[in-house]
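Welcome! Please take a moment to look over the sequence and the model, and then we can walk through a few places together.

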Amino acid sequence: MTGEPGQQAAARLEDIVAAVLGLDPAAVVDVAGPATLGGWTSRKHIELVVALEDAYGVSFSAREIFGIRCVGDLRETLRGKGVVH
Amino acid sequence: LVLDIRIPKLNTVDVSYTLVEWLFSEGEVVPADAPVAVLETSKAAQELVCDRGGVLHRIVEAPAECPLGAVIGHVFESEDERGRFLSAHTEKGASQESPGEAEPVVTKYALDLMTRHGITADRVRTLGKKIVKSADVERLVAESGSRAAAADAGHLAAESDSRAAAADAGHLAAESGSRAPAGEHIPSRAQRAVATVVTRAHQTIPAAFSVIKVHAADGLTLRRALAEQDGITIGFPELLVKCVASLHAAFPLFFASVRTDGSAALSAQADVGVTVDVGTGLYIPVVRDAARTPMPHIASTLMEFRVKALRGQFEETDLTGGNITISLHDDAGIVLAQPLILPPHACMLTLGATQDELCLADSGEVRTRAYFNLGLAYDHRVINGRDAALFLTGIKRTFESPSLLRGLCEHDREPQ
């Protein structure tokens, strides 16, 4: 990540989530999750993890994967790994 | 007393396993019920447990490819006993169990490659290997620059998609430490295991096929409700596992183990295999006793399987013991897939992608509604078309009934 990492990473997270779930990026807000985004199934959940690991060069633990309930959780997890500000 | 440490049969696919490492040194005291070695099957790593304690003597050193039933070590009651054995062994000069003193053991896949590429036994002997693996033969093939091999494998490479080929190359590199010759595709060990099963399935099971359309609106509603109320992230695979398992008592033949003579052994519970492929190879882990397993546990089990597939952490026990399988083909746009039945199973279900169609509502308005196609391949030796239709209809009825579907999940909430 170079330039303005915070903004760049935040935009990328939304784009990645939108691309994996087949949504408009505008729908990808922090409170959105499997209950509100119809495409967020258990299978897409793991595809999200794979896509984010690939994009940010990080690895999610099994506990982190199980603990993700919404976009905000994804952002917090990535923030904890220092790749999103 | 001496106990032989043998390579056990861990699955129905492989004819040999890799001895990855010993967990105790030569001559070390091994406690009873301790894992003494790590084996790798085509799909998973598995610890080899020795149920009796004693002093370890290792016959085969890791890493090595070992056929099923091979004795790879002994456990002696005492160091004296081991010493006596070693003395006698030295005097005799050779042990029949020592593969180094006899003809090399050639694995099935290595033998197949030898036949296909015209590699003679004499050339294999020049390797000086106790156990000859496919990677060894591949090296000989590469050395000889077999044009026939390249043509043959090129055909295979053309058939496989690039991702699978890349994954296979990764497997191959890990196995042999070398890449396949240019223009040649040699399947990974995992893919060869798949090949063995599907070939046997195709050759031995007279399968018929039926498909049913299942409306998905109620399933979608329940999925959202479970996510909102219980924090459970599921998809149709989880609901389908539950639906299918709930029919075990009414349709026992669909969960039976079919013998070659067409007779079948009924199973006591529904152990449902589900295909998992996250880009690291095809796995079919099993949800045990799915009819009595609460939905949250089914959801966490399937998620755990996906994580294991992603990280390469499956154990053989995750992958064995299923008596019915659901094959997931729910990528967007996939209408239907016709599966092969895994011997000795009696059937396999396939789940297609959820799609939208137009329908006429009671009000007369045109609306969209979601549906998916559910396929069933069944062994026609034991199951007829009428029974297949009843089984599929049973799943459809449950999936399209909010009360039945929710009832399966509500029931789960009761104390176990």
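In what order do the four strands of the open sheet in chain B stand? Keep in mind that this is a predicted model. The order is β5-β4-β2-β7, and the strands pair in the antiparallel sense. At the edges you will find β5 (45–50) and β7 (64–67) of chain B. Each of these has a single partner strand, so one side of each is left without a neighbour in the sheet. If you follow the directions of the strands, neighbouring ones are turned by 45° against each other on average, direction ignored.

Now let us look at one pairing within this sheet. Strand β2 of chain B covers residues 16–22, and strand β4 of chain B covers residues 34–40. Four bridges join the two in an antiparallel pairing.

Our next stop is a helix. B:E316 belongs to helix α11 of chain B, which spans residues 316–319. Is B:E316 buried or exposed? Its relative accessibility is 4%, and because buried means under 20%, B:E316 counts as buried. Leaving aside residues up to four places away in sequence, B:E316 touches B:L10, B:N11, B:T41, B:A44, B:A45 and B:Q46.

B:V211 lies in strand β11 of chain B, residues 207–215. With 42% relative accessibility, B:V211 counts as partly exposed.

Conventions: Residues are numbered from 1 along each chain as its sequence is written. Chains are lettered from A and ligands numbered from 1 in the order in which they are written. This is a predicted model: local features need pLDDT of at least 70, side-chain atom pairs count only at pLDDT 80 or more; totals for chains, interfaces and linings use all residues. Side-chain values use heavy atoms; hydrogens and water are left out. Two strands pair if DSSP finds at least two bridges between them. Axes are lines fitted to C-alpha atoms, for helices over the stretch in contact, and angles run from 0 to 180 degrees between N-to-C directions. Buried means under 20% relative accessible area, exposed over 50%, partly exposed in between (1.4 Å probe, protein chains only). Contact means heavy atoms within 4.5 Å.
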